[in-house]
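Dear colleague,

Please find below the structure I promised to pass on to you.

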Amino acid sequence: PASKEFEKLLESNLSKTQIQEGKIIEGKINRITDKYVFLDIPNLKSEPVLDINELRSSGLSEKIKLGETISVLLEKIEHPKTGEIVVSASKAQKMKGWDTIVSHYEKNEPINGKIISKVKGGFIVEHVETGSLAFLPGSQVDISPIKDISKLMNVPQKFAIIKIDKLRGNCCVSRREIISSFKKEDKAKLVSKYKVG
């Protein structure tokens, strides 16, 4: 009996370590209603529920199919008031997006983004692939100041990542750096065509 009890404890401990709050886990859609999507996730006592509108607003409409796998952030294994499992697809998407941005920063690679709105001191840039947001300071838009930025809004383009705050999850980007590096390359090509005399 003692060894069986130990085995039970070990199994429950293993399942707890695999399913942890704050981690991204995979769930399979096993039921769909007008408003909700029900997920099947092994080792959880009940089915986590996702609001269909959350999936649509996160650009995951094509995932709303039976048997489809969705990445979700496990926020709470048991809500203190309702006892329900709390999961979020949009937060999982943002976390995955953040990992992608950090990876680009570490490799010194630019990201594809688009300027989506104006804020104090600059603009908000949305990472095209993941929907993660970054700050573009006004001084980093172009080499010389631009009066009308409307032509640049919502246009996919490259941005250099100039600063990252991993603790706060903040990212600062520059369009200016991309443009100046292109100008340097163009100048070098132009100069290389000429010889002294």
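The model contains an open sheet of 5 strands in the order β3-β2-β1-β4-β5, with antiparallel pairing, where strands (E, at least two residues) and helices (H or I, at least four residues) are DSSP runs numbered from the N terminus and two strands pair if DSSP finds at least two bridges between them. The edge strands, each pairing on one side only, are β3 (49-51) and β5 (86-88). This is a predicted model, in which local features need pLDDT of at least 70 and side-chain atom pairs count only at pLDDT 80 or more, while totals for chains, interfaces and linings use all residues. Residues are numbered from 1 along each chain as its sequence is written, and side-chain values use heavy atoms, with hydrogens and water left out.

Within the sheet, β1 (residues 24-32) and β4 (residues 69-76) run antiparallel and are joined by 5 bridges; Glu 26 stands opposite Ser 71 in β4.

Helix α3 (residues 89-106) lies across β1, β3, β4 and β5, with contact meaning heavy atoms within 4.5 Å. The buried residues of α3 (under 20% relative accessible area, with a 1.4 Å probe and protein chains only) are Ala 89, Ser 90, Ala 92, Gly 97, Trp 98, Ile 101 and Val 102. After α3 comes Asn 108, whose phi is positive, near 60 degrees.

As for side chains, the charged end of Arg 31 sits over the ring of Phe 38, 3.8 Å from its centre, the criterion being that CZ of Arg or NZ of Lys is within 6 Å of the ring centre and within 35 degrees of the ring normal.

Methods:
Axes are lines fitted to C-alpha atoms, for helices over the stretch in contact, and angles run from 0 to 180 degrees between N-to-C directions. Buried means under 20% relative accessible area, exposed over 50%, partly exposed in between (1.4 Å probe, protein chains only).
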